[in-house]
Amino acid sequence: MSSSYDLVVIGTGPGGYVCAIRAAQLGLKTAVVEKRATHGGTCLNVGCIPSKALLHASEAFEEANHHFADLGIQVGTPKLDLAKMQSFKQSGVDGNTKGVEFLLKKNKVDTYHGTGRIAGAGRVEVVSDDGGNHMLETKNIVIATGSDVARLPGVEIDEKTVVSSTGALELAKVPKKLLVIGAGVIGLELGSVWRRLGAEVTVVEYLDRVLPGMDGEVGKQFQKILGKQGIAFKLSSKVTGVEVGKSGATVTVEPAAGGEAETIKADVVLVAIGRTPYTQGLGLEGVGVQLDNRGRVQTDSHYATNVTGIYAIGDVIAGPMLAHKAEDEGVALAEILAGQSGHVNYGVIPNVVYTFPEVASVGRTEEELKKDEVAYNVGKFPFTANGRAKANGTTDGFVKILADATTDKVLGVHIVGADAGNLIAEVAVAMEFSASAEDIARTCHAHPTLTEAVKEAALAVAKRAIHI
C-alpha cells in the first residue's frame with residue numbers, strides 16, 4: 001500500500017508531533033510514523049510527564065510528613081499507597097498522550113503506527129507490529145526519533161534491580177537503598193522522588209560537581225540543599241562494576257583519578273549518565289545521511305541533512321536534549337518547508353531541574369563568560385530576603401543575573417528556588433527582546449511574589465537592590 005505526502009515525520013515526541021501539526025496548519029499534507037502505541041515519545045510516555053507527576057506527588061507526601069505541622073495542620077502520619085501514586089502518574093501520561101492523538105486528528109495529520117525506515121529518496125517504509133507494510137511517498141522527510149538511555153559499559157540494565165529512568169518510574173516498592181549513577185537532571189530528579197518516599201539515596205558522579213554544564217555557583221548551592229534533604233554524594237567517583245544478586249546489587253566505586261575501590265550495597269541502581277541519539281534502523285547509512293562523531297544527525301542551519309529532502313530535529317541533532325528545544329525546532333522547520341523564515345534562538349533556551357527547590361537557567365554561565373573573556377556584572381538576590389519566600393517558608397536559593405559590563409544587556413540568569421521553572425520565563429522573554437538588567441529592574445513586579453527576587457537581582461547588577 002502506498003500513499004503520497006508533502007511531509008512525513010518519523011517520531012511523534014515533542015519535536016515530531018509539533019512539527020507535523022505546524023506543517024498541517026500551513027497547508028502541507030502531512031503524516032507521522034510512530035513505533036509506540038501512543039504518541040508523545042519519551043517525554044510524554046516515560047520521561048518529562050510521568051517524572052513530574054511523581055515529583056509532584058512525592059513532594060506532597062513530604063509536605064504532609066514533615067511540614068504540615070509547622071503550618072498548623074495536624075494530619076497524623078501519612079501512609080504511602082505507591083500503587084495509587086503510580087496510577088495518578090499514569091493518568092497524567094494518558095491524558096497527555098491522548099491529547100496529542102486528538103491534536104493530530106484535529107489537524108488532519110495521518111498516523112502510521114510501526115517502525116519507520118527511510119527506503120530511499122522521498123520514500124518511508126513503515127512496518128507495523130502485525131507485519132503490515134506501508135510505503136509512503138513524500139517530498140520531505142523529518143527525522144524526529146529522539147534519544148535513548150545512555151548505557152554504562154559492562155553494566156546491564158534489567159529495569160528491575162539496575163534501572164534506567166524508565167524503570168525508575170515504575171518501581172513497585174520503595175527501595176531501602178537507591179544508588180544513582182550520574183548527578184545530572186534525571187538522576188537528581190528521580191533520586192529526589194524516591195528519597196522523599198523513604199529511600200536512602202546516594203549519588204555517584206564522575207565529575208567534581210552536580211549538574212554539569214550549569215552555573216558552578218548554582219551547582220554548589222544546590223548540592224548543599226540536597227545534602228540537607230538527605231541525599232549523599234560521591235563526587236569525582238566512577239562506577240566500575242555492578243553485580244546483581246538475590247538481595248539487590250553490589251556496586252564497585254573508585255576515585256575518578258584512580259585509587260582504592262569501595263563497594264556499596266543497593267536495592268536498586270539507577271543509571272542516569274545521559275542520553276544518546278536514536279538512529280538505529282532508520283536506514284540512514286543506506287541513503288547516505290551523515291552522522292557526527294557523537295552519532296547525531298548532521299544538519300545545516302535549516303535542519304537539512306546532506307541528503308536533499310531529509311531533515312532532522314530534536315535530540316537526534318546537536319544541542320541540548322530538551323523537549324522545548326525540539327518543539328521550537330519543529331515549528332521552525334515546518335515554517336521553512338512552507339516557504340517562511342522559521343528560526344530558533346539557541347541563546348535563549350531555558351533549562352529546568354524540577355526538584356524542590358527547582359533550578360532554572362537561561363543564557364550564559366559565569367564560567368562561559370570568563371572563558372570567552374566577556375566583561376560582565378553580577379546581580380544576586382537571596383530568597384531569604386524575599387517577603388513571599390519568608391511567608392511561605394521557602395527561603396532556599398537565590399537569583400543571579402549576569403549582564404554585559406558595557407551595555408547592561410542580560411547575558412544569563414540562574415535561579416535556585418521555589419518555582420524557579422516559572423520564574424525563568426520572565427527573563428527568557430526579556431532576553432528575546434535584548435533587555436538590559438535596567439529594563440527588568442524598572443519593570444513593576446507584583447508584591448508579595450517570588451518574582452520580586454528577579455527584580456531585586458536586576459537592581460543588584462547596578463548595586464542598588466532595596467531589600468538587602
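What follows is a walk from the domains, through the interface between two of them, to some single residues and then to some features of the backbone.

Before anything else, please keep in mind that this is a predicted model. The domain assignment divides the chain into three parts, and domain 1 takes in residues 5-149 together with 276-338, while domain 2 covers 162-273 and domain 3 covers 350-462.

Let me turn to the pair formed by domain 2 and domain 3, whose C-alpha centres are 29 Å apart. On the domain 2 side 16 residues make contact, and they meet 20 residues of domain 3. How much area do domain 2 and domain 3 bury between them? The computed value is about 1500 Å², and 62% of that area falls on carbon and sulfur atoms. If we look at what domain 2 itself buries against domain 3, then M214, D215 and E217 account for 34% of that area, which is more than any other three residues supply. As background, accessible area lost when parts come together is often used to state the size of an interface.

Next come the polar features of this interface. Between domain 2 and domain 3 there are 3 salt bridges, and a salt bridge also joins the side chains of K400 and D215, with 2.7 Å from N to O. The polar contacts across the interface of these two domains come to 7 residue pairs. Which elements give two or more residues to the side of domain 2 that touches domain 3? They are α6, residues 185-196, and α7, residues 216-229, and of the elements on that side α7 gives the most, with 7 residues. Sorted by class, this side of domain 2 holds 7 nonpolar residues, 5 polar residues and 4 charged residues.

Is V269 buried or exposed? Its relative accessible area is 0%, and a residue under 20% is called buried, so V269 counts as buried. Once its neighbours within four places in sequence are set aside, V269 is in contact with T161, V162, V163, L179, I181, V242, A249 and V251. One of these, A249, is 20 residues away from V269 in sequence, and yet the two C-alpha atoms are 7.3 Å apart in space.

The second residue is N140, which belongs to strand β6, residues 133-143. N140 has a relative accessible area of 16%, and therefore it too is buried. Not counting residues up to four places away in sequence, N140 touches D6, L7, V8, G309, Y311 and L337.

The buried residues of α14 are E452, A453, V454, E456, A457, A458, L459, A460 and V461. Where does the cover come from? Among the elements over these buried residues are β20 (376-382), β21 (398-404), α12 (420-432) and α13 (437-441). After α14 comes K463, which has a positive phi near 55°.

That brings me to the backbone. As a general point, most residues other than glycine have a negative phi, and most peptide bonds are trans. In this model, a cis peptide bond links F356 to P357, with omega about -5°, and P357 is in the loop between β18 (351-353) and β19 (358-363). Another cis bond runs from H447 to P448, with omega near -5°, and P448 is in the loop between α13 and α14.

Finally, here are two residues other than glycine with a positive phi. E159 has a phi near 60° and is placed in the loop between β7 (147-149) and β8 (162-163), and because its relative accessibility is 34%, E159 counts as partly exposed. E373 has a phi of about 55° and lies in the loop between α10 (366-371) and β20, and since its relative accessibility is 74%, E373 counts as exposed.

Technical notes
Residues numbered from 1 in each chain as written. Predicted model: local features only at pLDDT ≥ 70, side-chain atom pairs only at ≥ 80, totals over all residues. Heavy atoms only, no water. Domains from an automatic or database assignment. Contact = heavy atoms within 4.5 Å. Buried area = accessible area lost by both parts, 1.4 Å probe. Salt bridge = Lys/Arg side-chain N within 4 Å of Asp/Glu carboxyl O. Polar contact = N/O pair within 3.5 Å; in protein donor to acceptor, adjacent residues only side chain to side chain. Helix = DSSP H or I, 4+ residues; strand = E, 2+ residues; numbered from the N terminus. Nonpolar A, V, L, I, M, F, W, Y, C, P; charged D, E, K, R; others polar. Buried < 20%, exposed > 50% of the residue type's maximum accessible area, 1.4 Å probe, protein only.
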